[in-house]
Amino acid sequence: VIRCRAAVAWAVGKPLSVEEVEVAPPKAGEVRVKIVATGICRTDDHVLEGCFPNVVFPVIPGHEGAGIVESVGEGVTSVKPGDKVIPLCLPQCGECSFCLNPDSNYCLKSHVSEPQNLLPDKTSRFTCKGKQIHHFLWVSTFAEYTVIPEYAVAKIDAAAPLDKVCVLGCGFPTGYGAAINTAKVKPGSTCAVFGIGGVGLSVVMGCKAAGASRIIAVDINKDKFAKAKELGATECISPHDFKKPIQEVLTEMTGHGVDYSFEAIGHVDTLTAALASCNMNTGFCVMVGELASGSVISVDPMLLLSGRTWKGTLLGGWNTRDCIPKLVSSYLEKKFNSDVLITHTLPIAKVNEGFELLRAGKR
C-alpha cells in the first residue's frame, strides 16, 4: 500500500480537500501509476457541481493526466514499471462490439455504459480516514498514485514531457479530433467555434490543420481572442456586441451559414445556435461541450429536415489506446503546439485555486 496525497471531493458543492490516502496495489489486469501532472478540465467541475451523471461521492476526480507506471498486476503485458503513460478516460478494451467496429471509437466499458466509480471487480483501491473513496472514470488523476485497468492506459514515447502532454489525455484530442475526425473539415471551408477555452482552441487548431479558409471564434470573453487568432482564428466575435441572435450574425457574415460549426461550451442555447449557424443543407454541427446531466434540448425540426448534420463526439473520435501515443509522437515532432493550452502550473495543494481560475475564464 502506498500513502500519498490526493484531492478528494467528499460531497457535491464542496471544495476539494487535499488528504493523505492509501492506494492499494494493482490486482490482475491493473496498473498502478505515479501521476506526474494533471490538467483541470470543465468535466471535473461538473463532478464537483453534481451535474456529471452517475458519480458516487466521496471521489477522487481528475481524468486528464500523465505519469509513470509504478507497478503492474498479474497478466499485464502492454506496460511495465518505468513506462511513461497517459491514463484514458475513454478506455479501449479491444474486445467489445464497439471496439471491434472500425467506425467506432466508443468502448462498452466506458462510464456511459457502466459506471466507473469502482474498478472492474467492483472494489476501490483508495481509502482515506478509514473510508472507501470512489474512482472517477477509472483514472482519478487528482491523486499522486492511482490504479487503472490496463485497457485504460496508453504507453507513450519515453521522451515525452509529462507536464506538457497531460493535456493530450482529454482536452486537446477532444477539440482537435472534433475537427479532423468527426467533422472531417475540408480545405477551403468556413467554420465557427463556439467557446474558445482549451477545447475550443483545440478545435481552432484542428480546423486550421484541415485547411479551413475561415475560422470564426465565438465567445463572450474577449480576453481569449488574441490566443484564438494566434492559433488560426480568422475572426473573433462576441454575442454581446450584437442585438440579433449570433446564428443570424454568422449567417449574414458567410452568406448561407458556415460549413462546420462546433459547440465547445456545453450550454443548451449555444448548442442550438451552433446548429442554426451552419448552412441549412450541407452544414455539419458537432457537439463537443458536455451539457449538465438531465439537460433537454428543444430544436425546430426544420433545422435538420433541410439536411444539416448534427453529431456528437467522444474524445474527438480517437481510438484512445491506438491513437493517443501517435498524438504524443506528433507533438514531439512539433506537428501542433498544445503547450499554448497550458496557462498556469500549480502544486496539488492549490488545486482549488486552479478551479477558481477555470471558473473565472483565466485559463
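How many bridges join strand 13 to strand 14 (residues 284-287), and in which sense do the two strands run? Four bridges join them, and they run parallel. Strands pair here if DSSP finds at least two bridges between them.

This is a predicted model, in which local features need pLDDT of at least 70, side-chain atom pairs count only at pLDDT 80 or more, and totals for chains, interfaces and linings use all residues. Residues are numbered from 1 along each chain as its sequence is written, and side-chain values use heavy atoms, with hydrogens and water left out.

**Figure 1. The whole chain.**
The chain holds 10 helices and 15 strands. Helices (H or I, at least four residues) and strands (E, at least two) are DSSP runs, numbered from the N terminus. The radius of gyration is 20 Å, close to the 21 Å that the globule rule gives for 363 residues, so the chain is as compact as a globular protein of that length. That radius is taken over C-alpha atoms, and the rule is 2.2 Å times the number of residues to the power 0.38. The C-alpha trace spans about 65 × 40 × 35 Å along its principal axes. Of the 363 residues, 54% are buried. Buried means under 20% relative accessible area, exposed means over 50%, and partly exposed lies in between (1.4 Å probe, protein chains only). The accessible surface comes to about 15,300 Å², with 54% of it belonging to carbon and sulfur atoms. Areas come from the Shrake-Rupley method with a 1.4 Å probe; for residues, only the protein chains shown count as cover.

Among contacts with a separation of 6 or more, 69% are between residues 24 or more positions apart. A contact means heavy atoms within 4.5 Å. The chain has 36 positive and 36 negative charges, and their mean positions are 2 Å apart. Lys and Arg count as positive, Asp and Glu as negative; His and the chain ends are not counted. Each charge is placed at NZ of Lys, CZ of Arg, CG of Asp or CD of Glu.

**Figure 2. Parallel pairing around strands 10 and 13.**
Strand 10 (residues 190-194) pairs with strand 11 in the parallel sense over five bridges. Strand 10 also runs parallel to strand 13, joined by four bridges. Phe262 in turn stands opposite Val286 in strand 14. Strand 11 (residues 214-218) has four of its five residues buried, so it is largely enclosed by the rest of the structure.

**Figure 3. The two faces of strand 13.**
In a regular strand the side chains alternate between the two faces of the sheet. In strand 13 (residues 260-263), Tyr260 and Phe262 point one way. Ser261 and Glu263 point the other way. All four are buried.

**Figure 4. Ser202 in helix 4.**
Ser202 lies in helix 4 (residues 198-209). Is Ser202 buried or exposed? Ser202 counts as buried, at 0% relative accessibility. Beyond neighbours within four places in sequence, Ser202 contacts Gly171, Phe172, Gly175, Tyr176 and Leu341.

**Figure 5. Glu30 in strand 3.**
Glu30 belongs to strand 3 (residues 30-38). Glu30 is buried, with a relative accessible area of 4%. Residues up to four places away aside, Glu30 touches several others, including Val72, Leu119, Arg125 and Glu150. Val153 is 123 residues from Glu30 along the chain, yet their C-alpha atoms are separated by 9.4 Å.

**Figure 6. Lys186 in a loop.**
Lys186 sits in the loop between helix 3 (171-183) and strand 10. Lys186 is exposed, with a relative accessible area of 56%. Setting aside neighbours within four places in sequence, Lys186 contacts Ala210, Gly211, Ala212 and Tyr260. Leu201 is 15 residues from Lys186 in sequence and 18 Å away, C-alpha to C-alpha.

**Figure 7. Backbone exceptions.**
Most residues other than glycine have a negative phi, and most peptide bonds are trans. A cis peptide bond joins Phe57 and Pro58, with omega about -5°. Pro58 is in the loop between helix 1 (42-49) and strand 4 (65-72). Asn54 is found in the loop between helix 1 and strand 4, and has a positive phi near 65°. Lys129 is not a glycine, but has a positive phi of about 55°. Lys129 lies between strand 6 (126-128) and strand 7 (131-133), in a loop. Lys129 is exposed, at 61% relative accessible area.
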